[in-house]
Amino acid sequence: MSAAWELRDKNILLLESEQRFGGRVASERRGKYWLNWGGHVYSGANSATDRLLRSVGVEASSVPGAVTGLAMNGKVLLDGRVETYPFRMPMSWKSRLAILKAGAKVRLAVMKYGKVVSPRPGEDFRQHQERIYNYKNDRTFTDYVGQLPEDADAIFRPTVSRSAGDPEEVSAGAGIGYFHLVWDKGEGLSRNIHGGPSTLINTIAESLGDKVQSGATVESVIQQPNSVLVTYRQNGKLFKEEARYAILATPAPVTKKVAANIDPEIAEALGKIKYGPYVSAAFLTDENQPEIWDDAYAIATPKRSFNVFFNMSNLVRSWEEQRGKGSSIMTFSPATLARKLIDKSDDEIIETYLRDIEEIFPGFRQKVVEAQVRKFPLGLAYCFPGRAKLQKALTKPAGRLFLAGDYLGTLYTETAIKTGYEAAREILRKL
Ligand SMILES: Cc1cc2nc3c(=O)[nH]c(=O)nc-3n(C[C@H](O)[C@H](O)[C@H](O)COP(=O)(O)OP(=O)(O)OC[C@H]3O[C@@H](n4cnc5c(N)ncnc54)[C@H](O)[C@@H]3O)c2cc1C
C-alpha cells in the first residue's frame, strides 16, 4: 500500500489475494471505537509511517496510559517502575532474585541496544538493519539469560514472544530489542491510528480506485529481458499483465514461490526466513462504569492462553470528559500459545480467552457484546540466531523485481512501509 501510494500517479496495478486490503493490519470501526486484530502501535516522528500518515491525511497519537501493566499470580500491577514488580507480585524469593539478576542484565543490554541501533550518519536503511540484525545474533534469548525459575521465566516470556518466536527460538539481540521497543515509549512503536489502523489502508485503497484489485491472487511473477510478466487469478479467471517493474510485497514464502526465476541466492534466503503464528481476538463491551483497565494500554498476562491484554479504547477514553459506555479490548497469542489455539474453532478460542480474562477481571464475560477471532499462520518473521547472514542476499538488486515487507527489517509495520516506499522511489528513479 505504501508503494502504491508513492506511485499513485503512474500506471500501476496492486493485486491483493484477499477480499480485504491490509493483510496483518486489520481493524473495524464500532461507533467511536474500533476492534483490532493485527498491528496496533505505529512508529512516531521521523519515520516512514509518519510520512505516509501525513501524506494520506490520517492522524495518529501517542498511546496514553501504562504500557507495562502486569497481571500474574492473582494480582494486577499498572503503575510504578517495572523493577519493583517482583517485590509487589506474589512469588518465591528464588524467582525474585532470578528476575533481578536477569532483569539487570537485560536493562543494561537494552541501553547498549539503544546505542547500537541508533542510525549513523551516511548509513542507509539496509546497512542500518543489517547492523541491528547482527546484534547478539549468535545465540538465543534463553541462552543469553539462562534457564529461569517458573515465575521469572513467566515475566520475560510474554514480551520476547511478541516477536512470534519463543525465547528458545528468538536471538538474544531480538529479545533485547523487544524490551527496547516496549520500554522506549518515545522512539519505539508508540502511536495509535485514529479510527483504527485500517483507516490508513482503506483511505489509500479508496483513493487509488481501480488501481487496486482485491480477490486477485498472483500465481507467478516472471522476469523477462525488458519487462515482468505477472499471472494472477481473479473470480476464477486467469489474467496476464506485462509491467516494466514489479514490487513483491508478500510474505517471504509467497514471494519465493511466485518469483520463480528470481536470483537463486535471493530465493534461498527467502526460504530461510522463519515465521511464527499469531491468534488474536477483539472484544467489544458495554459497561457503564469505570474499569481497572481504563488507564492502561497494555497489560502482560503471563501463564495465560494469551500474553497481553490491550485496551484499544484508551485513546478514545483520553479524549472524553466523562467516561463513555463500553471498551474495545484485544488479546493475542503468539508462538507456542498460538500453536495451541490455531486449529481450534473460533468459539473455542473465544471461550478459552474469556475463561482467562474472567480470572483476571471478574465480571468481564457479562459485559461482552461482540467477540471475533483472527488467525495468522504467518504471524511475524522473527529474528533467529544466524538471521543476520541472510540480509545481504535479501537486499541485493533483483533486476526488475523489488522486494518489500516486514521480514526485511526489524520494525514490523515501519519496515513494511519503508521497504514499500524505497522500492517505489527506486522505480521512480529508473523511470
Ligand atoms: C496480532 C498481530 C499484532 C501485531 N502488532 C503489531 C504492532 O503493534 N505494530 C507493528 O508495527 N506491527 C505489528 N504486527 C506486525 C505487522 O502487522 C506486520 O509487520 C505488517 O502488517 C506486515 O506488513 P506486510 O505488508 O509486510 O505484510 P502483510 O500485511 O502480510 O501483507 C501481505 C499481503 O499480501 C497478500 N498476499 C499474499 N499472497 C498473495 C498472492 N499470491 N497474491 C496477492 N496477494 C497476496 C496478503 O493477503 C496480504 O494482504 C502485528 C502482527 C500481528 C499478527
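**First stop: Thr352**

Begin by selecting Thr352, which is found in helix 14, the helix of residues 346-360. The model on the screen is a predicted one. Is Thr352 buried or exposed? Its relative accessibility is 18%, and because buried means under 20%, Thr352 counts as buried. Next, display the residues around this side chain. Leaving aside residues up to four places away in sequence, Thr352 touches Ser305 and Leu341.

**The whole chain**

Now zoom out and show the chain as a cartoon. The secondary structure comes to 17 helices and 19 strands. Along its principal axes, the C-alpha trace spans about 65 × 45 × 40 Å. A compact globule of 431 residues would have a radius of gyration near 22 Å, and the chain agrees with this because its own value is 22 Å.

Switch to a surface view. The chain exposes about 19400 Å², and carbon and sulfur atoms supply 51% of that area. Of the 431 residues, 55% count as buried. Contacts may be considered next: among those with a separation of 6 or more, 72% are between residues 24 or more positions apart.

Colour the charged side chains. There are 59 positive and 50 negative side chains in the chain, and the centres of the two sets lie 5 Å apart.

**Two domains**

Domain 1 is made up of residues 2-63, 192-274 and 383-430, while domain 2 covers residues 84-184. The contact between them takes 20 residues from domain 1 and 19 residues from domain 2. The C-alpha centres of domain 1 and domain 2 lie 29 Å apart.

**Helix 9**

Select residues 198-208, which form helix 9. Which residues of helix 9 are buried? They are Ser198, Thr199, Leu200, Ile201, Ile204, Ala205 and Leu208.

Two of them are helices, namely helix 1 (2-6) and helix 2 (48-56). The others are strand 2 (27-30), strand 8 (189-193) and strand 9 (212-213).

**The loop between helix 5 and helix 6**

Go to the loop that joins helix 5 (125-134) to helix 6 (141-145), and select Thr140 within it. Thr140 has a relative accessibility of 11% and therefore counts as buried. Which residues does Thr140 touch, not counting those up to four places away in sequence? They are Pro167, Glu168, Glu169, Val170, Ser171, Ala172 and Pro385.

Lys136 also has its place in the loop between helix 5 and helix 6. The phi of Lys136 is near 45 degrees, which is a positive value in a residue other than glycine.

**Last stop: Ala164**

Finally, select Ala164, in the loop between helix 7 (150-160) and helix 8 (172-183). The phi of Ala164 is near 80 degrees, again a positive value in a residue other than glycine. Is Ala164 buried or exposed? Its relative accessibility is 0%, so Ala164 counts as buried.

Conventions
Residues are numbered from 1 along each chain as its sequence is written. This is a predicted model: local features need pLDDT of at least 70, side-chain atom pairs count only at pLDDT 80 or more; totals for chains, interfaces and linings use all residues. Side-chain values use heavy atoms; hydrogens and water are left out. Helices (H or I, at least four residues) and strands (E, at least two) are DSSP runs, numbered from the N terminus. The radius of gyration is taken over C-alpha atoms; the globule rule is 2.2 Å times the number of residues to the power 0.38. Buried means under 20% relative accessible area, exposed over 50%, partly exposed in between (1.4 Å probe, protein chains only). Contact means heavy atoms within 4.5 Å. Accessible areas come from the Shrake-Rupley method with a 1.4 Å probe; for residues, only the protein chains shown count as cover. Lys and Arg count as positive and Asp and Glu as negative; His and the chain ends are not counted. The place of a charge is taken as NZ of Lys, CZ of Arg, CG of Asp or CD of Glu. Domain bounds come from an automatic or database domain assignment.
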